[in-house]
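Reader: I would like a close look at one part of this model. Please keep to what can be read from the coordinates.

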Amino acid sequence: MVLTDIPTKVVYKRPEALDPRVTHYCPGCTHGVAHRLVAEVLEEMGQVENTIGVASVGCSVFAYNYFEFDFVEAAHGRAPAMATGIKRVLPDRMIFTYQGDGDLASIGMGEIVGAASRGEKITVVFINNANYGMTGGQMAPTTLPNQKTTSSPTGRDVERQGYPIQTAELLSTLGGAVYVVRRSLHSSREVRRAKQAIRTAFEVQKHDLGFSLVELLSTCPTNWGMTPVEARDWIEERMLTYYPLGDYKVSPAVADLKI
Amino acid sequence: MPAKGYIVVNELYCKACELCVTDCPHDVLALDMDRLTPKGYHPAHMVNPEACTGCGICARVCPDAAITVYRYEKQKVEA
Amino acid sequence: MAKELIKGNTAVAEAALRAGLEAYFGYPITPQTELLEHLSARMPELGRPFVQAESELGAINMVYGAACTGKRVMTSSSSPGVSLMMEGLSYIAGTEVPAVLVDVVRGGPGLGNIAPAQGDYNQIVHGGGHGDYHLIVLAPASVQEAVDLTVLAFDLAEKYRNIVAVLLDGSIGQMMEPAELPPMQPLKTETPDWAVRGTQGGEKRILTSINLDPPAQEVMNLRLMKRWQEIEKNEIRYKTYFMDDAEYVVVGFGTAGRVSLSAVRAAREKGIKVGLLRPITVAPFPKNVLDELTEKVKAFLVVEMNAGQMLEDVRLVVRGRKPVEFFGRMGGVVPFPDEVLTEIERLVEGSLTTEGHPRDRWLSRLSETIG
């Protein structure tokens, strides 16, 4: 029973930087959490009116429908290049890309390595859910060994189909990348840490320090064939060993940032 | 133990994913099997409102930003 | 301003810069690399962004991003690189933002070679990227013309929110000629009302090329087509030479047009009443003038540095009313004026027909020449 005659304060409400539209994401899909965190962070930083997002191709292709700021749509994999073009001509805006496994680690590998190595002052939110969601659950560069997907129906055979790519580790070797971390969205504690990382990543951009990327282990309940709750457990049981959470690159300037 | 807060679920957004139900540390929430949202989901709601501390964990895990969290202000004890 | 002896690629780069180019994104590829190198020095001098991208794929998408902000942007490449850019060009066209592409064409297909060619006419004039869209394509035949058309390209791109391609045969990019560069123009200060910029308190703008709803996509497609009709009505450009009493007309663009001009002059000295039609916009194609000429002349000779691509556009307009013959060199081989003169003479002497396909007749002759 809610007591209405006692004064209350709002502890949390839906961020205004989120468009009022209902998202098309599946129930329990952590894309929604990632979107919410980006909206919260930009709002808290007062950057909503200064931001241009670059949507990519995947389940989040309509990301631009879910935020209350300017957006462009990139071709599959090309978001870091598009973001580079925008940031170079509008250096005082906050430019970020929002990409999934296929977009960033497969078709877009050239563009992300290019942008990171050049130290483009953009922020990348990378959603790793170990499969290609939008197209129905095919194998991704992030699919785990033995994981069944629609294009690895008997389980990913590393002999024939190769090994997963550990993106945060890979990009952390690049000089222009100053903040490359991996977080997860599988529990409320990890969501809190993910938000802090996203905040740091945008602060890196605000202070012109270089390229920042947050890899977020995410669920795909529909294509994993699980409930949203089971999917979060799967991250904990299966993904964390292959994709350890942590800070893979924190340059001294980033470490000194007071946020 | 009187409630320290309460939550409101906006049924437009709730997709019955049950992440909030699972993560609530005080078992406040459950899906309301007697009702359907406009999209056909059973929305989450408080079944144990007295236990709500207004901690906000439910809102933090909600993928659809469907939850608003309130906390009761501390009241002056009248002498 | 005075004329200077300048290389085509360098002249185009500097002309773009002076026309208010705000950002350049490119990748090295012969025979246009000098353009990139020139801008790699000049753009930072002027405090303007220059990025050598990770590939042409990266470059065209950087152009796409910057174009969405309404700024004047350009990339340049050559045949294999332009193939890589086709996806990006389709997206830019589908988003209706302006951009300039300088395409310096070399021998192909495949890796081909680095010699001049015109084998990409179809790719650049008739699409190349997926979907219904058109590029405005300007084809200079000299370094000076390349300079002037580069400046025009930015204006046309903005006027119509269209991509404009400056199509240079490799020769135009590489050769040095006297040319006058335009004066330095100041950068634009206004942002178009469709550009993304960060809302700054205003309305949110989205630039995308996706339209999941087919009827909505069709409305967009219709808009693109009507825009193209406007462009066809207003922006056709061409040059005619020795046309007043011409009985035969040579049609050629770019370097082929220029070589043909020398041949036409030589033919005139021999008393042959031949003229030259040199399209400057190959897209939109100068249909009307060609149509008028069809009524007046006896036959056409199309000269290209490919296997007959503009040839088909000429044949489409002529519609079998008069004979159309073809002469081409491929693979990076540049025709000499005396070769074209021989063809003109053959046109004048020989029995002409509107039957069959001129390409087949040409291929037999070419097989005999080059074995």
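Predicted model: local features only at pLDDT ≥ 70, side-chain atom pairs only at ≥ 80, totals over all residues.

Which strands of chain C does helix 12 of chain C lie across, and at about what angle does helix 12 run to strand 14 of chain C?

Author: Residues are numbered from 1 along each chain as its sequence is written, and chains are lettered from A and ligands numbered from 1 in the order in which they are written.

Helix 12 (residues 337-349) of chain C lies across strand 11 (248-251), strand 12 (274-279), strand 14 and strand 15 of chain C. Helix 12 runs at about 160° to strand 14 of chain C. Helices (H or I, at least four residues) and strands (E, at least two) are DSSP runs, numbered from the N terminus. Axes are lines fitted to C-alpha atoms, for helices over the stretch in contact, and angles run from 0 to 180 degrees between N-to-C directions. Two residues are in contact if their C-beta atoms, placed from the backbone, lie within 7 Å.

These strands belong to an open sheet of 5 strands in chain C, with the order 10-12-11-14-15 and mixed pairing. Two strands pair if DSSP finds at least two bridges between them. At the edges are strand 10 (238-241) and strand 15 (324-328) of chain C, each pairing on one side only. On average, neighbouring strands of this sheet are turned by 20° against each other, direction ignored. Strand 14 (residues 299-304) and strand 15 of chain C run parallel and are joined by 5 bridges; L301(C) has E325(C) in strand 15 as its bridge partner.

Chain C also has an open sheet of 7 strands, in the order 3-2-4-5-7-6-13, again with mixed pairing. Its edge strands are strand 3 (50-52) and strand 13 (281-283) of chain C. Within it, 7 bridges join strand 5 (residues 99-105) to strand 7 (residues 163-169) of chain C, and the two run parallel. Helix 4 (residues 79-95) of chain C packs on this sheet, touching strand 4 (73-78), strand 5 and strand 7 of chain C.

As for chain A, the contact takes 29 residues from chain A and 35 residues from chain C. Helix 2 of chain A gives the largest share of the chain A side, 8 residues. Strand 3 of chain A runs parallel to strand 9 (residues 206-207) of chain C, and 2 bridges join them. There, V72(A) stands opposite L207(C).
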